[in-house]
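Visitor: I would like to learn how to read a structure like this one. Where do we begin?

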Amino acid sequence: MKLHEYQSKQIFSNYGIPIPSGRVATNAADVKRIAEELGRPVVIKSQVLVGGRGKAGGIRLAKSPQEAEDLATQILGMEIKGLPVHKILVDEAAKIETEIYLGITNDRSARKPVMMASSAGGVEIEQVAVDTPEKIVKVHIDPLLGLRDYQSRDIAAGIDLPREHWRLFGQIGRGLWKAYLSSDASLAEINPLVITSQNQLLAVDGKMVLDDNAIFRHPDLAEMRDVDVEPESETEARKYSLSFIKLDGYIGCMVNGAGLAMATMDIIKLNGGEPANFLDIGGGASSEKVAAALRIILSDSNVKAVLFNIFGGITRGDEVARGILAALNEVKTEVPMVIRLVGTNAEEGRQILSEANMITAETLVDAAKKAIKAAQGENSA
Amino acid sequence: MSILVDKNTRLLVQGITGNEGIFHTEHMLAYGTNVVAGVTPGKGGEWVLDGKVPVFDSVRIAHDATGVNTSVIFVPARFAADAIYESADAGIPLIICITEGIPVQDMMRVRNYLDQRDIRLVGPNCPGLLTPGEAKVGIIPGDISMPGNIGVVSRSGTLTYEVLYALKLVGLGASTCVGIGGDPVNGTSFIDTLGMFEADPHTDKIVLIGEIGGTDEEKAAEYIADHLTKPVVAFIAGRSAPPGKRMGHAGAIVESGSGTAEDKIKALKSVGVQVAAHPEEIPSLLA
């Protein structure tokens, strides 16, 4: 789950990281009022969960409250990479001398958190890693000990930060570690961390990504979720604990198991079709869950056929088949359905499904081909 | 023969009285696995499954009373890391964690803690282990495989079942099937398992089932080139997965261009591993 800039910076501020004075608004009049209160030039920053806001015109400098209001009116009507702008952060504008990158993320390969910094701040760190990898300094943090003060100093020295800033930089490093730790983040980054013309360190922009698996212990952070960033179908799927991702193709996929679901998408593509979604209905596959999943798949008008690929394991094929049958009776549709049911009690399962109007397939390849054919039939009809 | 679990396994089930725990304990017993004890804090002294398995309040008490040498964990995600520490501190050398959804930061702490001790964790977010004919530890359906000489290692669940079943249909059996799990930080890697299969005299060929995310498959490819004499056949899921999206498993995500199926397939092919275009092709590549 991604947090907005203003949410991330608020968390940073709670842990002693200096951020610009500023507030969030949802309309232009409030933007003007905040700019008046700040009494200085302000930066108007659209709050959408995509990169490249600046290039898209979603971040603008306003010298007066009136200009702030005018710019806010423009920006609030914008869409940035398909996402509507609902919120604007109004920050006091900083006079920037130097831009630094500072972030903590999970290094899955080292199985440890890693703190990274670069003197090439203000640019996406992935880009720095490609263009000038020598400018990135990294230290791995022992997750049982936490960030050590000397590690922050090593980083400060590594990016040639003037010594006079080391103490405050150490405090910011500690704050960022605490923010990462206490929010169960998978990413906490300040980009840029700037040195202002008054020689102060200031976190001008911030970003946090939280671990969805840990949200249960952060009800306050869970409320910050912005569902604009995901298709409606994915929000709906989450309600039923379905793992669903919308894609651009035309063959709906209903599969038990994430790996098998990926393999099913792959095989559709391998045979010249395009999958409309990733969906793992999980082990049990009760009729309620199958029905919910089917409704979500069919809510996409691009879907011309649905492929069920079910492996009967502990949950036996006949039980899954009954679930599917009940779901089909509940969700009436003309979209052709192809089913491949294998594993334990698959034969019994197939017999149960023979009363449903489904195309059956023996192998995965066969199922994919039949689904593609069924979808084309639907197209030409 | 086999790796990790066999007929000498003395199994403890953590979370034995929960829905999942009791359901799968019954299946493990029916398969012939030597389940000797269970743990549910607060339910010590009870017996489950018609008096077949005693329940204890803690892992240490269960360990002292019954001499368990392996633990399988079915407790919910929010308590699972603690359950792993409990088994580790009781000195159980092999822990299999089935639980899905453990926070990554918890797993980083767990893994670094276990690395300082001589304890092997398999999983989490995995289907467990199956040594056909000897022991089933976890949730892999027993009847979809049979004893044989093929070592199977996988990050996935049902995709693995699919492959085991396809092998069985053509008369091929497994020495052991190891589900290492779909999380970004886990206990046992492909490399660890490949090393064990290489050393196991009854494993002749190996099937590796990977997926997008991370670089474990690439590391496995290097390891295969340097250390393996036995042939390896692989399948990598997720060639059609969009970047930046988590495909069900917490670890199945292409981030900043890293972890793509293409890279993994290329790395494996470059060291002579045959990579199947789809799972059903695997049995023919083993012939």
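Guide: We begin with a caution: this is a predicted model. Then we go to a single side chain. At 63% relative accessibility, Lys239(A) counts as exposed, because the cut-off for exposed is over 50%.

Visitor: Which residue does Lys239(A) meet in a salt bridge?

Guide: Its partner is Glu236(A), with 3.2 Å from N to O. Both residues lie in helix α8 of chain A, 3 residues apart, about one turn of the helix. Glu236(A) is partly exposed, at 30% relative accessible area.

Visitor: How many salt bridges are there over all chains?

Guide: The count comes to 31. One of them joins Glu37(A) and Arg23(A), whose closest N and O atoms are 2.5 Å apart. Look at where the ends sit. Glu37(A) is in helix α2 of chain A and Arg23(A) is in strand β2, so the pair ties together parts that are 14 residues apart in sequence. Glu37(A) counts as exposed at 53%. Arg23(A) counts as partly exposed at 44%.

Visitor: Which residues are linked in a network of salt bridges?

Guide: Glu5(A), Lys9(A), Lys45(A), Arg53(A), Asp91(A) and Asp205(A) are linked in this way.

Visitor: Now chain B. Are Arg155(B) and Glu211(B) buried or exposed?

Guide: Apply the cut-off: buried means under 20% relative accessible area. Arg155(B) has 4%, so it counts as buried. Glu211(B) has 1%, so it is buried as well. Their side chains meet in a salt bridge, 3.9 Å from N to O. That pair links distant parts of the chain, 56 residues apart. Arg155(B) is in the loop between β10 and α5, and Glu211(B) is in strand β12.

Visitor: What is Lys264(B) in contact with, beyond its neighbours in sequence?

Guide: Its contacts outside four places in sequence include Arg155(B) and Glu211(B), the two residues of that salt bridge. Among the others are Gly213(B), Asp216(B), Glu217(B) and Ile236(B). Lys264(B) lies in helix α8 of chain B. Its relative accessible area is 0%, so it is buried.

Visitor: Next, two helices from two chains. At what angle do α9 of chain A and α5 of chain B pack?

Guide: The angle is about 75 degrees, and the axes are 5 Å apart. The two helices are therefore roughly perpendicular to each other. On the chain A side, Gly259(A), Leu260(A) and Ala263(A) take part. They meet Thr158(B), Leu159(B) and Glu162(B).

Visitor: What is the geometry of Phe311(A) with Tyr165(B)?

Guide: The ring centres are 5.7 Å apart and the planes are at 85 degrees, so this pair is edge-to-face. It also crosses between chains, with Tyr165(B) in helix α5 of chain B.

Notes. Residues numbered from 1 in each chain as written. Chains lettered and ligands numbered in written order. Predicted model: local features only at pLDDT ≥ 70, side-chain atom pairs only at ≥ 80, totals over all residues. Heavy atoms only, no water. Helix = DSSP H or I, 4+ residues; strand = E, 2+ residues; numbered from the N terminus. Buried < 20%, exposed > 50% of the residue type's maximum accessible area, 1.4 Å probe, protein only. Contact = heavy atoms within 4.5 Å. Axes fitted to C-alpha atoms, helices over the stretch in contact; angles between N-to-C directions. Parallel < 35°, antiparallel > 145°, perpendicular 65-115°, else oblique. Phe/Tyr/Trp six-rings, centres within 6.5 Å; stacked < 30°, edge-to-face > 60°.
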